[in-house]
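Hi,

Here is the structure I said I'd pass on. Have a look, and my notes on the aromatics and the surface follow below.

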Amino acid sequence: MTNINRGSEWSKWDLHIHTPETKLADNFKVDSNINLWDKYCALIENSDVEVFGITDYFTVNNYIKFIEHFKNKFPLSKKVFFPNIEFRLSDKNKDTEHIQFHIIFPIIMQQLKK
């Protein structure tokens, strides 16, 4: 067993980010001359965050769409992505906001394909 003496290593994670075309909360609006997915992928690649939870309501469809687009644009990227499904309950909290919960899944095979 090798003894490594460099101490703790820290990285930034953001496990709740929505993509363009997300259900219920699509706030991504840009000039029609700009490819929104290209811009989104570039922002992710240039971010100092290393691990992301790609989030959408009730589905992983945008996760799959994002992974395919991102891997084509940045095939050598070291970023890591997890699918995060957000569920909205009909119940509300004391501020009358919907109660929501998230399920973050292990990396699925589409991400590992080249």
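Phe-101 lies in strand E4 (strands, E, of at least two residues and helices, H or I, of at least four are DSSP runs, numbered from the N terminus). At 38% relative accessibility, Phe-101 counts as partly exposed; buried is under 20% relative accessible area, exposed over 50%, partly exposed in between (1.4 Å probe, protein chains only).

A word on provenance: this is a predicted model, where local features need pLDDT of at least 70 and side-chain atom pairs 80 or more, while totals for chains, interfaces and linings use all residues. Numbering runs from 1 along each chain as its sequence is written, and side-chain values use heavy atoms, without hydrogens or water.

Now the rings. There are eleven aromatic pairs (Phe, Tyr or Trp, six-membered ring for Trp, centres within 6.5 Å; planes under 30 degrees apart are stacked, over 60 edge-to-face, the rest tilted). Phe-52 and Phe-81 sit 5.6 Å apart at 20° between planes, so they are stacked. That pair joins strand E2 (residues 51-57) to strand E3 (residues 80-92), 29 residues apart, and both Phe-52 and Phe-81 are buried.

Phe-58 and Phe-87 are edge-to-face instead, with 6.1 Å between centres and 70° between planes. Phe-58 is in the loop between E2 and helix H2 (61-73), Phe-87 in strand E3. Phe-58 is partly exposed at 45%, as is Phe-87 at 24%.

Finally, ring pairs also link Trp-37, Tyr-40, Phe-52, Phe-66, Phe-70, Phe-74 and Phe-81 into a cluster.

Cheers
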